[in-house]
Amino acid sequence: MSTVTAPTQARPGRPARADVLVAAAVWLLDLALFSTAGTDLAHAGAASSGLLLLLGYALLGPVALLWRRTAPAPVFALVWVHAVVGATLVAGYQPVLGALAALYAVGAYAPARWSWLIAPALAPYLVIAANEAWLAGQTDPGRRTAVFVGLAPTYAVVVTGVWAVGRWAGTSRRRLATAERRRAEAAARAVAAERARVSRELHDIVAHSVTVMVLQAGGAGRVLPTDPSRAAEALDHIVRAGQQAVEELRRMLTALGPDAAESADATSTHPGAADVADLVDRMRAGGLRVTLTVSGTPRPVDPSVGLAAYRTVQEALTNVSRHAGGAARATVLLRWGDDLTVEVRDAGPEGAAPEPAAALSTGHGLLGLRERLTVVGGELTATPLPDGGFQVVARLPLATPVPVGATP
């Protein structure tokens, strides 16, 4: 596990305000509460320069604490040396808090492999315990031993406890950071999934409608000089295809809004298996020679399954118009049984080259369709046929219908 830096640092490489406050508190409290060096020097009539030198040395350890978050192990080493030297060589100076603060940082911010530092962390406190024992029993060796034996385990418990608290705090912080990162990743995946769903809907709506309009416009242009009535009929189909596309886009954008449940009216439903016949009629009106066969007994299905069946036929027939030409032959089969099988087969190009609509292909229609079917528990196969045609087969589960108004 790598070292975790503090989020409170204002700039990289510079100590945070909290670290400055900790360092100042350690410096002042060690001098005010645990040390007698200043008082001893004053009583001895020492020069003020000696007192300033003592204060300066006492400041060295806390200054290192400014980087305790970003470099806990090196900072501990510096503070440890400072504490051992101060407790051993500086009369009346007991650096109690600095080494504890550095050890806490090791537990909180350093990898677990640095836990062995608990052992050397006890050294300055053993020196302090020996000094306290000497002062308590200068003329009584037994008392000195008793005081030392009493203080040493206490300091050992304090040192170990400080590291353990730091370790617990660091583990809790890392656990929270991991949970937050996972929540962010889950949110990002949800956004990506929603974008993919919207992308599939846009592809299905726009690609199909534009293909139909291009085919109708091409047919209208060919018959306009000789049969204006058929040209007018083709233009009418173009208008209706455009209106349908706009209506579907409106429904989709409404569903994406924050108040979709309130703003969507009862008529704003997605197409389903029952609308396949209308889809086939529109494609037939555009010049595609397509037949529809239904076997078995149709029954209500989950809206998401019905939409998947509709989009399967829509994408397959759109691809037929693009790649085999508007005058191609195609068959659509809906087979109702234990599940719903949707099969679309075409005979391939006949005679003339495909219409210009073939250039509109994005190459992602079948991929998006396969993902759509996977979401509802179905499967899709798309294979070329020996006679030059193509076959698309979708198998969809027949789930229990959901309440009216549910979004697929």
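**Exercise 1.** What should the 13 residues of helix α5 (residues 97–109) span at 1.5 Å a residue, and how far apart are the end C-alpha atoms?

*Solution.* Before we start: this is a predicted model, so local features need pLDDT of at least 70 and side-chain atom pairs 80 or more, while totals for chains, interfaces and linings use all residues. Residues are numbered from 1 along each chain as its sequence is written, and side-chain values use heavy atoms, leaving out hydrogens and water.

Step 1: the expected span is 1.5 Å times one less than the number of residues, which gives 18 Å for α5. Step 2: the end C-alpha atoms of α5 are 18 Å apart, so the two agree. (Helices are DSSP runs of H or I, at least four residues; strands are runs of E, at least two.)

**Exercise 2.** Work out why α5 counts as largely enclosed by the rest of the structure.

*Solution.* Step 1: call a residue buried under 20% relative accessible area, exposed over 50%, and partly exposed in between (1.4 Å probe, protein chains only). Step 2: 11 of the 13 residues of α5 are buried, so the helix is largely enclosed. Among them are Leu100, Leu103, Val106 and Tyr109.

**Exercise 3.** Find the strand order of the open 5-stranded sheet, then its edges.

*Solution.* Step 1: strands pair if DSSP finds at least two bridges between them. Step 2: the order reads β1-β2-β3-β5-β4, with mixed pairing. Step 3: β1 (289–295) and β4 (379–384) each pair on one side only, making them the edge strands. Step 4: β4 runs antiparallel to β5 (residues 390–397), joined by 6 bridges; Glu379 has Arg395 in β5 as its bridge partner.
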